Amino acid sequence: MSGFLAGKTFVVMGVANKKSIAWGAVQSILAQDGKVILTYRNDRAKKRLQRFVPEDIPLIEIDVDEDENIVRGFDEILSEYGKVDGIIHSIAYADPDTLTQGLIHTTKEGYNLAQDISAYSFIAVARAARKILNEGSSLLTLTFFGSTRAIPNYNMMGVAKAALESNVRYLASELGQDGIRVNAISAGAVKTASITGIKQHNTLLKASEERTVDNKGVTIDEIGNVAAFLLSDLSSGMIGDIVYVDKGVHLV
């Protein structure tokens, strides 16, 4: 029996290593017989991916620092592989000083950089990708409930995630007319490369695990399974939603 993503192709942005939430999504897509195209930022990132990504998965360079890079990358995807059925945006960044100090100390440059990469890039991706998305496609991004709660040491990233979630709602309203759905997963705390940049991240991970309903932290596989569902036609009625996949942490 074929999986529920058979015959569909998805672009996944933001895989850094095997511990990435985006990699969990890739595994779930493949398990449901979908095809995947990965993007990377630069040559160094490409070399990291080539260490573990199967050779039959295409790698396309897209650095979201500049809109032109995004347009060029999606043009290449369209030219080489045709239209796709969805995109996962799992990209966020704040410079170390901005990320580790309190929000009150955030500089204008640090604020703008975090918003640019973590929130604005989703708008730029959606705009550039419109022409390569089939009708019924899904755009999906990753957020965290530090967007609505003052999580210790999450600082500027919480502000950026709040903007990202607002982007989801407005884009969902606009792109729905094109038959494109937009949603976000608010993932529980997972030990990824990204979270290690947060001051006292082990405390955050421990506190998150203690607040799950079964005292076991959510895994990238569990998050990936929900991502695959949100990319599929099974979730066609879900538009502009922030879906919590944190094993109940947000309830407390």
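Mentor: One begins with the definition: a patch is made of residues with over 30% relative accessible area and no salt bridge, and nonpolar side chains are joined within 5 Å. The model here is predicted. In this model, Val213, Leu251 and Val252 make a nonpolar surface patch of about 360 Å².

Trainee: Is Leu251 buried or exposed?

Mentor: Exposed means over 50% relative accessible area. Leu251 is exposed because its relative accessible area is 64%. Leu251 lies in the segment after strand E7 (242-245).

Trainee: Which faces does E7 have?

Mentor: In a regular strand the side chains alternate between the two faces of the sheet. In E7, Val243 and Val245 form the covered face, whereas Ile242 and Tyr244 form the uncovered one. E7 runs parallel to E6, and 4 bridges join the two strands. Within E7, Tyr244 is the bridge partner of Ser186.

Trainee: How many residues does the largest nonpolar core have?

Mentor: In soluble globular proteins, nonpolar side chains tend to be buried together. Here the largest nonpolar core has 33 residues, and those with the most contacts inside it include Val12, Ile185 and Ile223. Among the elements that each supply at least two residues of this core are strand E6 (181-187), helix H8 (220-231) and E7. Apart from this core lies another, of 31 residues, among them Val11, Ile77, Val84 and Phe122.

Trainee: Which residues does Ile223 touch?

Mentor: Not counting residues up to four places away in sequence, Ile223 touches Ile21, Leu142, Ile185, Ala187, Val190, Val218 and Val245.

Definitions and conventions: Residues are numbered from 1 along each chain as its sequence is written. This is a predicted model: local features need pLDDT of at least 70, side-chain atom pairs count only at pLDDT 80 or more; totals for chains, interfaces and linings use all residues. Side-chain values use heavy atoms; hydrogens and water are left out. Patches are made of residues with over 30% relative accessible area and no salt bridge: like charges are joined within 9 Å, nonpolar side chains (Val, Leu, Ile, Met, Phe, Trp, Tyr) within 5 Å. Accessible areas come from the Shrake-Rupley method with a 1.4 Å probe; for residues, only the protein chains shown count as cover. A salt bridge is a side-chain nitrogen of Lys or Arg within 4 Å of a carboxyl oxygen of Asp or Glu. Buried means under 20% relative accessible area, exposed over 50%, partly exposed in between (1.4 Å probe, protein chains only). A nonpolar core is a set of buried Ala, Val, Leu, Ile, Met, Phe, Trp, Tyr and Cys residues joined through side-chain atoms within 4.5 Å. Contact means heavy atoms within 4.5 Å. Two strands pair if DSSP finds at least two bridges between them.
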